[in-house]
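Please walk through this model with me. The sequence and the structure come next.

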Amino acid sequence: MAQEDVATVVEKSVTFTAYKPQLIVEAQKVGDAVAFYKAVFGAEETGHSLYPKRKADQELPHLVSAELNIAGTTVLVSDVSVNSGSNANKGSMPAILETDDVEAAVAKAVGAGAVKVEEEVEGEEGGVKGKVTDPFGFTWIFVSPAKKSENDENKEV
(Lines give C-alpha, C1' and ligand atoms only; values in the text may rest on other atoms or scores of the structure.)
Protein backbone atom coordinates (compact mmCIF):
# COMPACT_ATOMS: atom_id res chain seq x y z
CA MET A 1 0.00 0.00 0.00
CA ALA A 2 2.80 2.43 0.88
CA GLN A 3 4.45 1.90 -2.52
CA GLU A 4 1.21 2.78 -4.29
CA ASP A 5 0.99 6.06 -2.35
CA VAL A 6 4.56 6.99 -3.27
CA ALA A 7 3.96 6.20 -6.93
CA THR A 8 0.89 8.44 -6.95
CA VAL A 9 2.81 11.35 -5.46
CA VAL A 10 5.71 10.96 -7.88
CA GLU A 11 3.40 11.09 -10.90
CA LYS A 12 1.91 14.47 -9.95
CA SER A 13 3.38 17.46 -11.73
CA VAL A 14 4.76 20.26 -9.59
CA THR A 15 5.49 23.73 -10.92
CA PHE A 16 7.51 26.23 -8.94
CA THR A 17 6.66 29.85 -9.61
CA ALA A 18 9.39 31.63 -7.65
CA TYR A 19 12.63 31.15 -5.77
CA LYS A 20 12.93 33.41 -2.73
CA PRO A 21 16.06 33.09 -0.63
CA GLN A 22 15.51 33.84 3.06
CA LEU A 23 18.08 35.56 5.24
CA ILE A 24 17.52 34.88 8.92
CA VAL A 25 18.95 37.51 11.26
CA GLU A 26 19.16 37.66 15.03
CA ALA A 27 16.12 38.80 17.00
CA GLN A 28 15.02 42.38 16.44
CA LYS A 29 17.66 43.06 13.76
CA VAL A 30 15.44 42.84 10.67
CA GLY A 31 15.05 46.64 10.50
CA ASP A 32 18.82 47.11 10.69
CA ALA A 33 19.37 44.47 7.99
CA VAL A 34 16.76 46.05 5.71
CA ALA A 35 18.39 49.48 6.14
CA PHE A 36 21.80 47.95 5.31
CA TYR A 37 20.53 46.19 2.17
CA LYS A 38 18.74 49.34 0.99
CA ALA A 39 21.87 51.47 1.50
CA VAL A 40 24.39 49.03 0.05
CA PHE A 41 22.48 47.07 -2.61
CA GLY A 42 19.72 49.53 -3.52
CA ALA A 43 17.12 47.05 -2.27
CA GLU A 44 13.48 48.07 -2.46
CA GLU A 45 11.11 46.95 0.28
CA THR A 46 8.03 45.39 -1.28
CA GLY A 47 6.34 44.17 1.90
CA HIS A 48 6.81 43.50 5.59
CA SER A 49 5.16 42.22 8.74
CA LEU A 50 5.40 43.68 12.23
CA TYR A 51 5.21 42.26 15.71
CA PRO A 52 2.13 43.75 17.33
CA LYS A 53 2.66 46.16 20.20
CA ARG A 54 2.40 43.93 23.28
CA LYS A 55 2.76 46.29 26.24
CA ALA A 56 1.97 49.91 26.85
CA ASP A 57 5.60 50.68 27.73
CA GLN A 58 7.00 49.24 24.47
CA GLU A 59 7.97 51.45 21.61
CA LEU A 60 6.62 50.86 18.15
CA PRO A 61 6.31 47.23 17.06
CA HIS A 62 9.50 45.94 15.45
CA LEU A 63 9.86 44.43 12.02
CA VAL A 64 9.56 40.61 12.06
CA SER A 65 10.17 40.07 8.35
CA ALA A 66 10.54 42.03 5.16
CA GLU A 67 10.38 41.23 1.49
CA LEU A 68 13.01 43.01 -0.57
CA ASN A 69 13.73 43.27 -4.25
CA ILE A 70 17.47 43.10 -4.88
CA ALA A 71 18.55 43.20 -8.53
CA GLY A 72 15.22 41.80 -9.70
CA THR A 73 15.12 38.97 -7.14
CA THR A 74 12.83 38.73 -4.14
CA VAL A 75 14.72 38.15 -0.89
CA LEU A 76 13.05 37.58 2.48
CA VAL A 77 14.72 38.90 5.62
CA SER A 78 13.30 37.32 8.77
CA ASP A 79 13.79 37.47 12.52
CA VAL A 80 15.27 34.26 13.89
CA SER A 81 12.29 33.97 16.28
CA VAL A 82 9.99 33.41 13.29
CA ASN A 83 12.06 30.33 12.50
CA SER A 84 12.47 28.95 16.00
CA GLY A 85 12.83 25.22 15.92
CA SER A 86 14.30 25.34 12.43
CA ASN A 87 17.89 24.70 11.51
CA ALA A 88 18.28 28.34 10.46
CA ASN A 89 21.89 28.58 11.56
CA LYS A 90 22.99 25.15 10.30
CA GLY A 91 24.03 26.17 6.80
CA SER A 92 25.06 29.11 4.77
CA MET A 93 24.48 30.08 1.19
CA PRO A 94 26.44 33.03 -0.15
CA ALA A 95 24.70 35.39 -2.55
CA ILE A 96 26.34 36.49 -5.78
CA LEU A 97 25.59 39.95 -7.13
CA GLU A 98 26.78 40.96 -10.57
CA THR A 99 27.98 44.55 -10.97
CA ASP A 100 30.05 46.62 -13.37
CA ASP A 101 32.13 48.03 -10.48
CA VAL A 102 33.17 45.33 -8.00
CA GLU A 103 35.64 47.60 -6.21
CA ALA A 104 32.98 50.26 -5.56
CA ALA A 105 30.48 47.62 -4.40
CA VAL A 106 32.97 46.22 -1.90
CA ALA A 107 33.90 49.72 -0.69
CA LYS A 108 30.23 50.67 -0.25
CA ALA A 109 29.48 47.50 1.72
CA VAL A 110 32.56 47.94 3.93
CA GLY A 111 31.64 51.60 4.48
CA ALA A 112 28.22 50.47 5.73
CA GLY A 113 29.68 47.95 8.19
CA ALA A 114 30.53 44.82 6.18
CA VAL A 115 33.92 43.13 6.49
CA LYS A 116 36.02 42.43 3.40
CA VAL A 117 36.66 38.69 3.27
CA GLU A 118 38.62 38.54 0.05
CA GLU A 119 40.47 41.12 -2.01
CA GLU A 120 39.12 41.94 -5.43
CA VAL A 121 40.74 39.46 -7.81
CA GLU A 122 40.41 38.73 -11.49
CA GLY A 123 38.38 35.57 -12.03
CA GLU A 124 38.94 32.72 -14.44
CA GLU A 125 36.71 34.25 -17.10
CA GLY A 126 38.28 37.71 -16.96
CA GLY A 127 35.73 39.16 -14.57
CA VAL A 128 36.55 40.71 -11.21
CA LYS A 129 35.37 39.15 -7.93
CA GLY A 130 35.21 40.52 -4.37
CA LYS A 131 33.70 39.09 -1.19
CA VAL A 132 32.31 40.66 2.00
CA THR A 133 30.45 39.48 5.07
CA ASP A 134 27.67 41.83 6.15
CA PRO A 135 27.01 42.83 9.78
CA PHE A 136 24.41 40.05 10.00
CA GLY A 137 26.80 37.24 9.06
CA PHE A 138 25.86 36.75 5.41
CA THR A 139 28.49 36.47 2.68
CA TRP A 140 28.04 38.47 -0.50
CA ILE A 141 30.19 37.85 -3.56
CA PHE A 142 30.37 40.68 -6.09
CA VAL A 143 31.32 39.70 -9.63
CA SER A 144 31.69 41.63 -12.84
CA PRO A 145 29.87 40.28 -15.88
CA ALA A 146 31.82 37.55 -17.65
CA LYS A 147 33.37 38.67 -20.91
CA LYS A 148 31.60 37.06 -23.82
CA SER A 149 33.33 35.66 -26.85
CA GLU A 150 31.92 34.45 -30.13
CA ASN A 151 32.16 30.85 -28.86
CA ASP A 152 29.87 31.67 -25.89
CA GLU A 153 26.81 31.76 -28.12
CA ASN A 154 27.18 28.03 -28.81
CA LYS A 155 28.26 27.12 -25.29
CA GLU A 156 26.00 24.76 -23.33
CA VAL A 157 25.24 25.63 -19.73
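Which residues form a negative surface patch? The patch is made of Glu98, Asp100, Asp101 and Glu103. Patch members have over 30% relative accessible area and no salt bridge, with like charges joined within 9 Å and nonpolar side chains (Val, Leu, Ile, Met, Phe, Trp, Tyr) within 5 Å. Asp and Glu count as negative, Lys and Arg as positive, while His and the chain ends are not counted. Each charge is placed at NZ of Lys, CZ of Arg, CG of Asp or CD of Glu. Accessible areas come from the Shrake-Rupley method with a 1.4 Å probe, and for residues only the protein chains shown count as cover.

The model is predicted, so local features need pLDDT of at least 70 and side-chain atom pairs count only at pLDDT 80 or more, whereas totals for chains, interfaces and linings use all residues. Residues are numbered from 1 along each chain as its sequence is written, and side-chain values use heavy atoms, leaving out hydrogens and water.

Glu98 sits in strand E5 (residues 95-98). Helices (H or I, at least four residues) and strands (E, at least two) are DSSP runs, numbered from the N terminus. Glu98 is exposed, at 59% relative accessible area. The classes are buried (under 20% relative accessible area), exposed (over 50%) and partly exposed (in between), with a 1.4 Å probe and protein chains only.

Now turn to the backbone. Most residues other than glycine have a negative phi. Gln28 is not a glycine, yet has a positive phi of about 65°. Gln28 lies in the loop between strand E1 (22-25) and helix H2 (30-41). Its relative accessibility is 52%, so Gln28 counts as exposed. Ala71 also has a positive phi, about 55°, although it is not a glycine. The loop that holds Ala71 runs between strand E3 (63-70) and strand E4 (73-79). Ala71 is exposed as well, with a relative accessible area of 70%.

Go back to the loop between E1 and H2, where Lys29 is found. Lys29 is partly exposed, at 29% relative accessible area. The C-alpha atoms of Lys29 and Ser65 are separated by 9.7 Å, while the two residues are 36 apart along the chain.

How many salt bridges are there? The count comes to three. A salt bridge here is a side-chain nitrogen of Lys or Arg within 4 Å of a carboxyl oxygen of Asp or Glu. Lys29 pairs with Asp32, the closest N and O atoms being 4.0 Å apart. Asp32 is partly exposed, at 43% relative accessibility.

Lys20 and Glu67 form another salt bridge, at 3.6 Å from N to O. That pair links distant parts of the chain, 47 residues apart: Lys20 is in the loop between helix H1 (2-11) and E1, and Glu67 is in strand E3. Lys20 is partly exposed at 40% relative accessibility, and so is Glu67 at 24%.

Lys38 and Glu45 also meet in a salt bridge, 3.2 Å from N to O. Both are partly exposed: Lys38 has 36% relative accessible area, and Glu45 has 30%.

Finally, look inside. The largest nonpolar core has 27 residues. Such a core is a set of buried Ala, Val, Leu, Ile, Met, Phe, Trp, Tyr and Cys residues joined through side-chain atoms within 4.5 Å. Which members touch the most others? They are Tyr37, Phe41, Ile70, Val77, Trp140 and Phe142. Two or more core residues come from each of E1, H2, E3, E4, helix H3 (102-111) and strand E8 (139-143). H2 gives the most, with seven residues.
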